[in-house]
Amino acid sequence: MSDWSLSRVEQLAPDAAAVKAAQGLAKASKWQILGRDDRVLWGECQGSGANPYQVRVDLQDAACKCSCPSRKLPCKHALGLLLMMAGGAGIPTLSPPAFVEEWIAGRVKRAEAKVARATEPEKPVDPDARGRRADRRESRIEDGLNQLEGWLTDIVAQGLASARAQPQQFWSQMAARLVDTQAPGLARTVQGLSELAASGENWQSRLLAGMARLQLLIDAYRRIERLPAPLAAEVRTQVGWTQVQETLLERPGVRDRWHVIGHRQSQEGRLRVKHTWLAGLESTRLALVLDFAVGDQPLPASLHLGQVTDAELVYFDGVPPLRTLVKQRFEGVPTRHQLPAALDVAGLQTRFAALLAENPFLDRWPAVLGPVTTTIDGARMQFVDTAGRRIDVARSFRHGWLFDALAGGNALCVFGQWDGHVFDPVSVEHDGRLFSLAHVGELPVLSMVA
């Protein structure tokens, strides 16, 4: 349990409000009982009801359960418990009470059942049936492509201003039709067009470029057999086909000392997605690990900011390869608080242009930019490099004052995502320390890696 730091607990939080509320509960006086053993941490916290809230946290995977009515996961009570432990509070080692034993027993039983299912002999695959399913899906996707192409043609005929004036339902209905035709990737892209239509200054050029890229994707899918294999795989992924992870894990991976340089959580309905970016210290390659959780399932807490791990990663097919699976982890390496070598603005733009030449469907790419300072041009924040070149910062980023306070008149290096128009910061290095700028909804969280 010694690897539980304050920053690691913060990184589990669903939003900034949960962290702030948890800090108020990270005091022994707020709890009627407290206890822990080698696996689990628990406590009872008096809330607004007659009975105290029963809280338990599995320290192996950060899973938690609380009897409070909050829909956040982890809730403020579970986070408060973890903050107390990470802060060195003297939580006694005890035998777990009945409500904890029952919960752990249920988790063990479900884990054993999962292992049993995984070890069951696989049912033989009927290649003919699989082929028929694939043919049916291809037919549905083609129907979706025809509908989408007609929809784009209508938007152009009626004018972009007319599309911008449409309600959200205009975009969501088309997206829903694409989901019905088994093209969820195209559906997400259509939802993205609605954001471009409402993006403010120069929205016309951004919306038209997004529509043109979508038409290009339609044309590429219809001619997919003519594309190089990596780009064909990228196009299929953009449309909504998935790559079989079991097959990917059979390939040789890339072993390196992988440094966690950024992370972010997002919410899509009941689905929570955790993005973790890594940089290979020897290979200098970038990698992205995606973790998913539905409902009250916990997100993995095994990779935290600044951590370096000796691991073998397997890349998904794509151009350029970025998303990975962790095939095998070997041993931990001391935490590192420096970002990889940074690009200046010209280098960032040149690199992204080269990537677009390989993959015209690329919408963004992770990069380290710096050293930069911040400035304001009208209402828009910008990063300025040492040569005086400027790029716009994503509107969701509101930490210009924090950059100035951290820098103390000097420039900083920042890791984030560049889409050719704006840079979206994720983490920043300052004075040998690494900070995370986690955007959760509209509330930013600043945490320092201890």
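Colleague: Which residues have the most contacts inside the largest nonpolar core?

Modeller: This is a predicted model: local features need pLDDT of at least 70, side-chain atom pairs count only at pLDDT 80 or more, and totals for chains, interfaces and linings use all residues. Residues are numbered from 1 along each chain as its sequence is written, and side-chain values use heavy atoms, with hydrogens and water left out. A nonpolar core is a set of buried (under 20% relative accessible area, 1.4 Å probe, protein chains only) Ala, Val, Leu, Ile, Met, Phe, Trp, Tyr and Cys residues joined through side-chain atoms within 4.5 Å. The largest has 36 residues, and those with the most contacts inside it are L369, F383, I391, F403, V414, F423 and V428.

Colleague: Which strand gives the largest share of this core?

Modeller: Strands here are DSSP runs (E, at least two residues), and helices are H or I runs of at least four, numbered from the N terminus. The share is 5 residues, from strand β10.

Colleague: How many salt bridges does the count come to?

Modeller: A salt bridge needs a side-chain nitrogen of Lys or Arg within 4 Å of a carboxyl oxygen of Asp or Glu. By this rule the count is 11.

Colleague: Which parts does the E142 and R222 pair tie together?

Modeller: Their side chains meet in a salt bridge of 3.5 Å. The parts are 80 residues apart in sequence: helix α5 and helix α9.

Terms used
Buried means under 20% relative accessible area, exposed over 50%, partly exposed in between (1.4 Å probe, protein chains only).
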